[in-house]
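Thank you for making the time this morning.

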Amino acid sequence: MVDNYITGSIIKNLREKKNLTQEELAEKIFVTGKAVSKWETGQGFPDISLVEPLAKALEISVIELLSGECIQNKNRVSNMFKSKVYVCPVCGNVIHAIGEAMISCCGIKLPPLEAEKQETDEKNQNSQKSDLTHSLIIEPVEDEYYVRINHPMSKEHYISFLAAVSDQGIQFVKLYPEQAAEARFKRSRVKYLYAYCNHHGLFQAVCSN
């Protein structure tokens, strides 16, 4: 079942961005120009069997076509610090992408998470005292960071994951309710530490290293 179907304005907008006439688009998907004209003026819809060929002709993904959004990854050099994280609110699936992407899970288009930034002094305490249940407490131990959060970690309200990001990659630790919200990460080149709460979203702390 498709909950969000293609509108005529979406087809027209994407076609014009590709500098295609109605006839040229029609030729690519083996329909008539009149059919494309009807779609764009709201007098009909493309058959479900044409969705994939239409997306291919417009050089976008099916998800982008259905949503009407064309995503372009601007992170061409694969800068890990520009990574995006997506979390499905239905199944809890966590997806990491090196840049912009069109991500869908459980029938939902997922937006990239926006992190709430925290200032840390890296001496076992977080300088922001307003939200202690989400403050990342960072302790350097030899070549590692020991990271913990004083969070209740109940079945309903918990930290889902902790992560450390460097310019070389991401270290990721999945957490579960009723366990301690803590993890150890290799310190080498790590710049950002993240924690994701299933109720309050993503939190970020910057490491001085």
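Predicted model: local features only at pLDDT ≥ 70, side-chain atom pairs only at ≥ 80, totals over all residues.

Residues are numbered from 1 along each chain as its sequence is written, and side-chain values use heavy atoms, with hydrogens and water left out.

On terms, strands here are DSSP runs of E with at least two residues, numbered from the N terminus, and I call two strands paired if DSSP finds at least two bridges between them.

Let me begin with the open sheet of five strands, whose order is β5-β12-β11-β8-β9 and whose pairing is mixed. At its edges stand β5, residues 116-118, and β9, residues 170-174, each of which pairs on one side only. From one strand to the next, the twist averages 20°, where axes are lines fitted to C-alpha atoms and angles run from 0 to 180 degrees between N-to-C directions.

Within this sheet, β8 covers residues 159-166, and eight of its eight residues are buried, that is, under 20% relative accessible area with a 1.4 Å probe and protein chains only. On the one hand, β8 runs antiparallel to β11 and is joined to it by seven bridges, with A163 having Y194 in β11 as its bridge partner. On the other hand, five bridges join β8 to β9, again in the antiparallel sense, and here A164 is partnered by Q171 in β9.

What is the sense of the pairing between β11 and β12? Strand β11, residues 190-197, and strand β12, residues 201-206, are antiparallel over six bridges, and L193 stands opposite A205 in β12.

I turn now to the other sheet, which is open, has three strands in the order β6-β7-β10, and is antiparallel in its pairing. Because β6 (137-141) and β10 (182-186) stand at the edges with a single partner strand each, one side of each is left without a neighbour in the sheet. Neighbouring strands of this sheet are turned by 20° against each other on average, direction ignored.

Lastly, β6 pairs with β7, residues 144-148, in the antiparallel sense over five bridges, and E139 stands opposite Y146 in β7.

Key:
Helix = DSSP H or I, 4+ residues; strand = E, 2+ residues; numbered from the N terminus. Buried < 20%, exposed > 50% of the residue type's maximum accessible area, 1.4 Å probe, protein only.
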